[in-house]
Amino acid sequence: MNLLKLLNDRFSYSGFRPGQREIIESVLQGKDTLALLPTGTGKSLCYQLPGYVFEGAVVIVSPLLSLMQDQVEQMRARGEKRVIALNSFLSFKERQYVLNHLNEYKFIYLSPEMLQNERIVHRLEGLDISLFVVDEAHCISHWGFDFRPDYLELGEIRNRFNRPVTLALTATASQEVRDDISRTLHMENVQEFIFSVDRPNIAIVVEKMEDVHEKGKRLTELVQSLQGPGIIYFSSKKMADEWAKRLNETTDLQVAAYHADIRLEERILLQQQFLYGELTLMCATSAFGMGVNKENVRYVIHFHPPTDLESYIQEIGRAGRDGKPSLAVLMFTIDDRVLQRKLIEGELPSKVQIDRFANLMKQQGSIDLNESQEGFSEIQWRILKKYFTESADDRQFKREMTAFVQLRLRWKQKKLAEMIDWIESDGCRRSRLLQHFSETHIIKRDNCCDVCGVSWEAFNRKEGGHNRREIDAHWENRLAKLLLIRRFEGEESTKESRSTTFR
């Protein structure tokens, strides 16, 4: 088979990017494949091209509504009509039509939550599925054990589809995470293609400060001097809102906040505005970034450090996808240790909440498990619901739930300790970061990190800076077409829209 000819005929590309051909050949040889490719290197081609070789359908599990919608629109723009995303953008009538004509689609995108819908799984079982794809597969390890437990069921779902060839794709995964992926998906004799997570065009800077006031002053200086667009990450939704408001009032930047409490359709609007340059700066929680493929983000600032190095490298990787010089700045105070520990502990149910949940179930056996109750966060409710529905009685539930919380706390604290150790280290930051991902061949870079030296002039604003622009008629028409804002229907859509932004 002439893969280059197929590449040119279907995608109008004259050659493969590094790693693509090897991954595609592995899949076409019928081998379960796990591929770690840096962000922006064309992961989607690794399953879309084999889809045109295989006779059967390609099922793609994707974590975010925005991510799958973006992929679907790109494929349709290229002329592929046999592609669909089974998600809450479909009205009830549209979903019914799709399910009744599912055999007419070649590429089927859906979320892990949708694969818990028995009717959808039953319809998929009736198809000839040649390739089962899990995009952003690191979410299995990062999200599955906590607030999106449906990720942990993907292996069983794959078995129901007669164990088709499986491709797991991610941009960031340590050996521990890769082991989680293979084990969860029941992959055998896995072919791994691991490429460097290094992004040589991104300078890495850590700035240690006395307190949050010094951070605020420095943040204002940075956004006023750096060439945008940019992203600022906060651990607090409230602080993301406050800083977006403050920077809109005190700078010439067009700024917005993005986090899980913002309605889904508004988040999609914000993503589109950022993609097309109507917003120059996003103040966000970790809910923002995955699936937002903007090539010219020039800097990423962490006002608060993430709780693990995997998240950190994912988030700074949203800068400089065009290969041009970009900057990652992490601000750190001693108080951040305490803040992140509290966040970790607050994600998981406490002993009091475990007991209260068990009492609620005993007193109100008909309580709607899909609606979280006062006193529980969305994440806590998801975890408690999973273990309650899998337990034979209250005693087993409490015992297994307590053991799970203790295990996850130890794991999360270990990951946070790795993050803090990296921040406190005095050697080359890039080297230490790559060593965490078991990389040994490390090339010395210009503008490497604050330890090795960074020339800030390369990242400062060019003449003219950022200008506010009014949204023109073309932009308004495009948004109206893209958003198709409608009332979301059904339990599955409610569940999915809530789950897409937690991290």
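**A note on charged side chains**

1. The term salt bridge stands for a side-chain nitrogen of Lys or Arg within 4 Å of a carboxyl oxygen of Asp or Glu. Side chains of opposite charge can pair when their charged atoms come close. Both residues belong to helix H9 (residues 175-184), where they sit 3 residues apart, about one turn of the helix. Helices here are DSSP runs of H or I with at least four residues, strands are runs of E with at least two, and both are numbered from the N terminus.

2. Before going on, please keep in mind that this is a predicted model, in which local features need pLDDT of at least 70 and side-chain atom pairs count only at pLDDT 80 or more, while totals for chains, interfaces and linings use all residues. Residues are numbered from 1 along each chain as its sequence is written, and side-chain values use heavy atoms, leaving out hydrogens and water.

3. Buried means under 20% relative accessible area, exposed means over 50%, and partly exposed is in between (1.4 Å probe, protein chains only).

4. Now look at Arg-298 and Asp-322, whose side chains form a salt bridge of 2.8 Å, N to O. Arg-298 lies in the loop between strands S11 (281-284) and S12 (299-302), and Asp-322 in the loop between helix H13 (309-316) and strand S13 (326-332), so this pair ties together parts 24 residues apart in sequence. Arg-298 is buried at 12% relative accessibility, while Asp-322 is partly exposed at 27%.

5. Another salt bridge joins Asp-355 and Lys-398, with 3.8 Å between the closest N and O atoms. This pair links distant parts of the chain, 43 residues apart: Asp-355 is in helix H15 (residues 351-363) and Lys-398 in helix H17 (residues 394-424). Asp-355 is partly exposed, with a relative accessible area of 23%, and Lys-398 is partly exposed too, with 31%.

6. Salt bridges can also share partners, and here they join Glu-176, Glu-310, Lys-414, Lys-415 and Glu-418 into one network. How many salt bridges does the structure hold? The count is 30.
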